[in-house]
Amino acid sequence: MSRPVDLESHLPLPPHLFQILLTLLDRNLHGYAIQKDIADRTEGEFTLGTSTLYSALQRLVRDGFLEEAPGIPLEKGKGPPRNVFRITPLGRRLAREEGLRIRKLSQVVAESGLFDALAPSGPGVEES
């Protein structure tokens, strides 16, 4: 019998792992498609190199947050099927916990006045 996974021990989740889990929430994809989705969804602000991506995928599979799905066959003569990944129920729980953590942090930042403190001030700038 396996022991329950302590999700708290995985938090905060490194941003690249969270991005991978977000990408796989509603579909199964191979590595390059994951890489492309993250870059597209973040409008290029977040990109993953190939070695970073594949080591992250291996780690997420090893820890039970992802699993390999049946491969996507390529056209005849174009090589072996691509490895396709899907999120597990445990991975979905981890993504949710990280999302909740980020939401709480966002509320703290919003309430802190940080953005007000960064607003331009000085001559010619009206205060609200």
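Among the contacts in the protein with a separation of 6 or more, 56% are accounted for by residues 24 or more positions apart. The model is a predicted one, and its secondary structure comes to 5 helices and 3 strands. Of the 128 residues of the protein, 28% count as buried.

**Overall layout**

- Reading along the sequence gives the pattern α-β-α-α-β-β-α-α, in which the helices number 5 and the strands number 3.
- The protein exposes about 9100 Å² in total, and carbon and sulfur atoms supply 53% of that area.

**The length of helix α3**

- Helix α3 takes in residues 50-62, and because each of its 13 residues is counted at 1.5 Å, the helix should span 18 Å.
- The C-alpha atoms at the ends of α3 are 18 Å apart, which agrees with the span that the helix should have.

- Which residues of α3 are buried? They are Leu53, Ala56, Leu57 and Leu60.
- When α3 is seen down its axis, these buried residues fall within an arc of 105°, and therefore they line one face of the helix.
- On the other side of α3, the residues Ser51, Gln58 and Arg62 are exposed, whereas Leu53, Ala56, Leu57 and Leu60 are buried.

**After helix α3**

Terms used. Residues are numbered from 1 along each chain as its sequence is written. This is a predicted model: local features need pLDDT of at least 70, side-chain atom pairs count only at pLDDT 80 or more; totals for chains, interfaces and linings use all residues. Side-chain values use heavy atoms; hydrogens and water are left out. Helices (H or I, at least four residues) and strands (E, at least two) are DSSP runs, numbered from the N terminus. Buried means under 20% relative accessible area, exposed over 50%, partly exposed in between (1.4 Å probe, protein chains only). Contact means heavy atoms within 4.5 Å. Accessible areas come from the Shrake-Rupley method with a 1.4 Å probe; for residues, only the protein chains shown count as cover. The expected span of a helix is 1.5 Å times one less than its number of residues. The arc is that of the directions from the helix axis to the C-beta atoms.
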